[in-house]
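The paragraphs below take them in turn.

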Amino acid sequence: MCEKMNNVNSWLSTVYGDQPVPHFEVNTRTVDILYQLAQSSEARCSDTALLTEDLRQKASEYQCEGAHYRDVLLQGVGLSCASLSKPADDYLSALVDTAMVLGVRDTSLGSFMPAVNNLTNTLLEEEKSNRRLERELRALRSRLGATLVMRSNLQEDINKTVKSQSVESAKAEERMLNMDFVTAKAKELSTRRERADAQLVSRNMDKSITHPAIVQLSEEVTTLKQEIIPMKKKLEPYMDLSPNPSLARVKIEEAKRELVSIFVVYSLTDEMWLLNCLFECFLNYRPPFVLNLR
């Protein structure tokens, strides 16, 4: 721990120089972090120093090589920078700039050709990549157009859905209000019916005069009428025969009693007037042979 702290303090002193070191909390975690930073910084500084030294060595080598070439040109060819014409100086400068751009070691044709070929291959690869990117761009544009159309359609569907939902919501609210009204009305009618039933029970009302009983009696009368029709058709052939006076009197009395019983049973129905009329007709009816006997 003490060794790490000493390394950290020396590193911070080196980094800040004459400036005061900022105050920080001294604990195991901060010391470990600063110690790692110090090691990384020292390693990078060492690498930078080595790279700088290598560049300095190469620069000195290039300077020596340049001086050698200059001496060769001066002694062998008799050329110097001052003796060159303006176009030759421009050509030489362009050749040097081209060599630096291409990254070649020297300006020989054997160095330029591979560099140019590499640049040509790179250019072809870039053009190929550009064509591929253009195809992808066209595909993306078409997809984007289709997506925009789909988005527009979806937006229209959403707007229609929102409108329909608002309409349905209004209808649902109206139905709820109607349901509340119907529920309240049903409760009111149920209360009124219970009160009416209680009043009828308190007044000892006969259930035979209630609406369901009257409807049932009416249905029974209708059924009996339908049953009488075929019986009348069976009796039609015998209506012209001369009846036995004594038997006719007996039948008439039985019919009267039956009509009286029917009248008593159905006297409270809606067919009371019809039965009353039939009853009066049968009571007042006297066949011709009875009148003749009398």
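Glu136 counts as partly exposed at 38% relative accessibility, where partly exposed lies between buried (under 20% relative accessible area) and exposed (over 50%), with a 1.4 Å probe and protein chains only. The model is predicted, so local features need pLDDT of at least 70 and side-chain atom pairs count only at pLDDT 80 or more, while totals for chains, interfaces and linings use all residues. Residues are numbered from 1 along each chain as its sequence is written, and side-chain values use heavy atoms, with hydrogens and water left out.

Which residue does Glu136 meet in a salt bridge? The partner is Arg132, at 3.2 Å from N to O. A salt bridge here is a side-chain nitrogen of Lys or Arg within 4 Å of a carboxyl oxygen of Asp or Glu. Both Arg132 and Glu136 belong to helix α4, 4 residues apart, or about one turn of the helix. Helices are DSSP runs (H or I, at least four residues), numbered from the N terminus. Arg132 is partly exposed, its relative accessible area being 39%.

By this rule there are 3 salt bridges. Another one joins Lys185 to Glu188, with the closest N and O atoms 3.8 Å apart. Lys185 and Glu188 are separated by about one helical turn because they stand 3 residues apart in helix α4. Lys185 is partly exposed at a relative accessible area of 36%, and Glu188 is partly exposed at 38%.

Helix α2 (residues 28-77) holds the pair Lys58 and Asp54. Their salt bridge has its closest N and O atoms 3.6 Å apart. Since 4 residues separate Lys58 and Asp54 in this helix, about one helical turn lies between them. Lys58 has a relative accessible area of 38% and is partly exposed; Asp54, at 32%, is partly exposed.

Now turn to charges gathered on the surface. Lys128, Arg131, Arg135, Arg138 and Arg141 form a patch of positive charge there. Patches of this kind are made of residues with over 30% relative accessible area and no salt bridge, like charges being joined within 9 Å. Lys and Arg count as positive and Asp and Glu as negative, with His and the chain ends not counted. The place of a charge is NZ of Lys, CZ of Arg, CG of Asp or CD of Glu.

Is Arg141 buried or exposed? Arg141 counts as exposed because its relative accessibility is 57%.

Conventions. Patch = residues over 30% accessible without salt bridge, like charges linked within 9 Å, V, L, I, M, F, W, Y side chains within 5 Å. Areas by Shrake-Rupley, 256 points an atom, 1.4 Å probe, with all protein chains shown as cover. Helix = DSSP H or I, 4+ residues; strand = E, 2+ residues; numbered from the N terminus.
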